[in-house]
Amino acid sequence: MGAQLKQSQWTLFAVMLAAFSLPVVSFAQTASASPSSWTAFSWVNQLSISPLARSLKQWIGLEAAEKPLLPPEAAFKLSVIAKQPDMLVAKLVAADDYYLYRDRIAFRIEQPSGVSIKNIALPSGNSKQDPTFGTMDVYYGTVRINIFLDPATVKRGIAVKLHVTYQGCNDSKGVCYPPVETEVAPVF
């Protein structure tokens, strides 16, 4: 008997599968076609993609679990620190399997009035062929962006309200998020 099951055990197994509303026909065809050369668990690939079938395939390792999309604040994490009296460093971290569009990252000073941005140093990104926008520069993982303020407009100890806009996508699913807009307040 060893690796092979008796016909009555196959029948019982098929009945159990039917009880969970999984298709038994493809299992029965696979099992009866060549039981001696039939490999363990090969019938699972014949199952339809019902929730129970998917769970069973994942449980025995034949299908990777499909990860749900992350909310934007988990897919793309932002932090900003005051590095020098006239420089901010923004750090954007795209989660694994996510990326950020380089040209969709923007900064502006909301408060105090009079403080202005002199230059934004966006590093070069990776070239990606986007089905909607064509060839785009994108960032995977962590990107650090230096934001230089006009030194004549910055005073020590002031709180700056920085408005940040960015947009990114999930790479494997091809799903893009709407632009995210948020405000942060690093202190000099």
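Arg108 stands opposite His163 in strand β9 of this predicted model. Strands are DSSP runs of E with at least two residues, numbered from the N terminus. β9 spans residues 161–166, and five bridges join β4 to β9 in an antiparallel arrangement. Two strands count as paired if DSSP finds at least two bridges between them.

β9 also pairs with β12. Five bridges join these two strands, which run antiparallel. Here Thr165 has Glu181 of β12 as its bridge partner.

Together the strands form an open, antiparallel sheet of three, in the order β4-β9-β12. β4 (106–111) and β12 (180–184) lie at the edges with a single partner strand each, so one side of each has no neighbour in the sheet. From one strand to the next, the twist averages 25 degrees. Axes for such angles are lines fitted to C-alpha atoms, and angles run from 0 to 180 degrees between N-to-C directions.

Five of the six residues of β9 are buried, so β9 is largely enclosed by the rest of the structure. Buried means under 20% relative accessible area (1.4 Å probe, protein chains only).

Residues are numbered from 1 along each chain as its sequence is written. In this predicted model, local features need pLDDT of at least 70, side-chain atom pairs count only at pLDDT 80 or more, and totals for chains, interfaces and linings use all residues, while side-chain values use heavy atoms, without hydrogens and water.

Technical notes. Helices (H or I, at least four residues) and strands (E, at least two) are DSSP runs, numbered from the N terminus. Buried means under 20% relative accessible area, exposed over 50%, partly exposed in between (1.4 Å probe, protein chains only).
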